[in-house]
Structure formats: C-alpha cells, structure tokens
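Me: I have a model open and I'd like to learn how to read it. Can you take me through it feature by feature?

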Amino acid sequence: MDDERPSPSISSVRPPDMLRAMKNAEAHCPQIAIVGAGKLGAALAISLRGAGYSISEIVSRDGEGSRRRAKALARRAGTVAATLRKAALRADLVWFCVPDGEIEKCARLLAARDWKGKIAVHSSGAMTSDELSVLRKRG
C-alpha cells in the first residue's frame with residue numbers, strides 16, 4: 001500500500017495552510033522579491049519564508065526610515081535589503097506591496113532591469129494590472 005497522501009488542492013485548504021499547499025503544488029519554487037517593507041510586505045515576506053519560499057530581496061525607497069525597515073525585515077526573512085535604485089531583482093516573481101498611488105512609480109523605477117521570464121504582481125484591490133504595464137513591455 002502506498003502511504004503517501006495526495007497534496008490538498010489549493011482551493012481545499014484554509015488560509016494558514018494555503019502557502020504550503022501552493023508550494024507543494026509547484027514543481028519549481030519561485031524566488032520572490034518583495035517591493036515595500038511596510039505591514040503587507042513584512043507579513044508576506046515572513047509568511048512566504050515560513051512556508052519554505054526563498055525571498056531574494058526586500059526592496060525599499062531611498063529614505064532613511066524605509067531603508068531601516070527594509071534591513072530589519074530582510075534580517076527576519078533571511079535575505080538582503082536594497083533600494084529601488086540598487087535592487088538586483090534576480091527573483092522569478094516580484095511582488096509590489098506599496099500603496100496604490102506608488103505602484104506605477106515603483107514599476108517605472110525598476111523597468112530598466114531585465115524582466116524577461118519574470119512575473120510582476122501587486123496587491124492592490126482597487127488598481128488593475130495596467131499599473132505594471134511598463135514592465136509588461138520590458139519582458
């Protein structure tokens with residue numbers, strides 16, 4: 001008899017177990033960069049790391065407070081902090097966790113990087129994916 005139980009489908013799990021189910025459903029676990037070190041970015045980075053995902057970097061604005069929060073979060077998430085100007089963005093998935101009015105601006109600041117094969121998402125419930133259209137054109 002086979003002792004292995006099938007992985008639960010993503011739709012059949014409660015939110016705390018959803019990240020683990022997503023990871024189990026994927027053959028390749030993507031590296032994730034978090035843009036924004038505020039409450040949402042922090043919650044995602046810590047939760048994703050706890051579920052076994054690799055966080056490649058925490059990206060912040062250039063201000064002293066933003067850099068300080070990003071460095072503290074990066075330590076907790078086992079990664080590095082970078083500013084928008086210096087971010088390497090070697091991740092497979094770049095998750096924008098910034099205020100709605102800053103999504104397009106951050107995307108423009110990061111557009112010069114190589115976006116081929118990358119996925120960019122934002123967490124706004126009010127804005128469309130058009131906020132990231134400059135990245136779509138780059139890769």
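Reply: The protein chain exposes about 8,700 Å², and carbon and sulfur atoms supply 51% of that. Accessible areas here come from the Shrake-Rupley method with a 1.4 Å probe, and for residues only the protein chains shown count as cover. Keep in mind that this is a predicted model: local features need pLDDT of at least 70, side-chain atom pairs count only at pLDDT 80 or more, and totals for chains, interfaces and linings use all residues. Residues are numbered from 1 along each chain as its sequence is written, and side-chain values use heavy atoms, with hydrogens and water left out.

Me: What share of the 139 residues of the protein chain counts as buried?

Reply: Buried means under 20% relative accessible area, exposed is over 50%, and partly exposed is in between (1.4 Å probe, protein chains only). Here 37% of the 139 residues are buried.

Me: How many helices and strands does the protein chain have?

Reply: Helices (H or I, at least four residues) and strands (E, at least two) are DSSP runs, numbered from the N terminus. This chain has five helices and five strands, in the order α-β-α-β-α-β-β-α-β-α from the N terminus on.

Me: In what order do the strands sit in the sheet?

Reply: In general, strands of a sheet pair through backbone hydrogen bonds, either parallel or antiparallel. Two strands count as paired if DSSP finds at least two bridges between them. This open sheet of five strands reads E3-E2-E1-E4-E5, with parallel pairing. Strand E3 (80–83) and strand E5 (119–122) are at the edges with a single partner strand each, so one side of each has no neighbour in the sheet. E4 and E5 pair over four bridges; Val94 has Ala120 in E5 as its bridge partner.

Me: Which strands does helix H2 lie across?

Reply: For angles, axes are lines fitted to C-alpha atoms, for helices over the stretch in contact, and values run from 0 to 180 degrees between N-to-C directions. Helix H2 (residues 39–50) lies across E1, strand E2 (54–60) and E4, at about 165° to E1. Helix H3 (residues 64–77) packs on the sheet too, touching E2 and E3, and makes about 170° with E2.

Me: Which residues touch the most other members of the largest nonpolar core?

Reply: A nonpolar core is a set of buried Ala, Val, Leu, Ile, Met, Phe, Trp, Tyr and Cys residues joined through side-chain atoms within 4.5 Å. In this one, of 19 residues, they are Val35, Leu89, Val94, Phe96, Leu110, Trp115 and Leu135. Helix H4 (103–110) is among the elements giving two or more residues, and its four are the largest share.

How values were computed:
Contact = heavy atoms within 4.5 Å.
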